[in-house]
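Please keep the sequence and the structure in view while reading.

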Amino acid sequence: MAMANNHFFTLQQQNLKYKKKYLRLKKTIKGLVFTNAALCDQVVQIQESILCVKEERRFLFKRLMEHDSDLLNELKPIKTEETGNVTKKIKKRSNSEASSKSRVSSTAKAAKKMESTQQQFVQTISINQNGRPIYPITIGNLSIHDLGAIIVDRPGYHTENWIYPIGFVSTRIYGHIKEPHRKCLYTCKIIDCGDYPRFEIIPEMMPEYAIAGPSADLCHAALLQTMNHNSDGRELAVIPQGEYFFGLAHPAIATLLQSSTVIKELVNFKEFPQDIFTIERENDPTISYDALQKYSLPVSTYHTVPMVPKEELPPEELLEQSDGTSCSFTLP
């Protein structure tokens, strides 16, 4: 009888010990669950802050490029034109100080107006000791990873206004091909394909949706048509601008291509278009992701993981099942 009582007392002590461990483990699990939820909420807030900082950086970058008058004068000097009564030719400075000040102010207004009408971005490019650019060349949402090599002996690799260097690789952030309201990184390539080049636009992590064709315009048009098919908002006008989407039309890239020593040997090439790149094109929804969201597609909402108030927490009974095993939780 005494042995039975001792055995029963020992079992009670063991049960009490395991019950304390169980309660401590249950408390630890609850703490980890709510800590995880708090971390998820903090991650969402940090992501929103990163997006805001990116938008501010892009805005400041554009403002800097627009107001960099020195570099703008080096690439394309500002010329005053006579358009009705708004702009007039600058005359010689007179002896009168008042008339001189008025002419200076009118000249500044004309220059400012001309700068806004030309609307051309300027990009500074870092070069190494050999005079070659340092990659990647980042220009807003566009990055150039390789300028490639200019092919001289095959006329199919250039036109009167464009040059298609083999091995050219760029990436651009644009709307997702299946969900246009989401961001997607596209890789644009120009590949050697015999007498004529092969152009490719490859969505990141989705090689099965790669677009290839004999021209940059056809690839860009196919991308826009696919996005229109998957879009639930207003459809984009399918106006192909392949050279702009690839990045061949940016003045900084065009300047690098024109600086090549073999460009004089090209048979058909004359010069790049005069309005090669403007702010209007940068704000074109068929090229710019930001313009795509503002103009053509509905604004998507960003869902966050809300913190659960203490009074709305689940009861402790939900942390255990009838058989004594713990439940698993999946955070949204």
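The model is predicted. Five salt bridges are counted in it, and three of them are described here: Arg58 with Glu55, Asp290 with Arg58, and Asp192 with Arg154.

- Arg58 makes a salt bridge to Glu55, with 3.1 Å between the closest N and O atoms.
- Both residues belong to helix H1, which spans residues 2-66; because Arg58 and Glu55 are three residues apart there, about one helical turn separates them.
- Arg58 has a relative accessible area of 14%, so this residue falls under the 20% limit and is buried.
- Glu55, at 38% relative accessible area, is partly exposed.
- Asp290 also forms a salt bridge with Arg58, and here the closest N and O atoms are 3.3 Å apart.
- This second pair connects distant parts of the chain, since Asp290 sits in helix H8 (residues 289-296) and Arg58 in helix H1, 232 residues apart.
- Asp290 is buried, its relative accessible area being 12%.

**The bridge between two loops**

- Asp192 and Arg154 form a salt bridge whose closest N and O atoms lie 3.0 Å apart.
- Asp192 is in the loop between strand S4 (183-191) and strand S5 (198-203), while Arg154 is in the loop between strand S2 (142-146) and strand S3 (169-175); the pair therefore ties together parts 38 residues apart in sequence.
- Asp192 is partly exposed at 38% relative accessible area, and Arg154 is likewise classed as partly exposed, at 22%.
- As for shared partners, salt bridges join Glu55, Arg58 and Asp290 into one network.

**Strand pairing**

- Strands S4 and S5 run antiparallel to each other and pair over six bridges.
- Across this pairing, Tyr186 is opposite Pro203 of S5.
- S4 and S5 make a hairpin with six residues between the two strands.
- Gly194, in the turn of that hairpin, has a positive phi of about 85°.
- Glu200 has Ala212 in S6 as its bridge partner.

How values were computed. Residues numbered from 1 in each chain as written. Predicted model: local features only at pLDDT ≥ 70, side-chain atom pairs only at ≥ 80, totals over all residues. Heavy atoms only, no water. Salt bridge = Lys/Arg side-chain N within 4 Å of Asp/Glu carboxyl O. Helix = DSSP H or I, 4+ residues; strand = E, 2+ residues; numbered from the N terminus. Buried < 20%, exposed > 50% of the residue type's maximum accessible area, 1.4 Å probe, protein only. Pairing = 2+ DSSP bridges.
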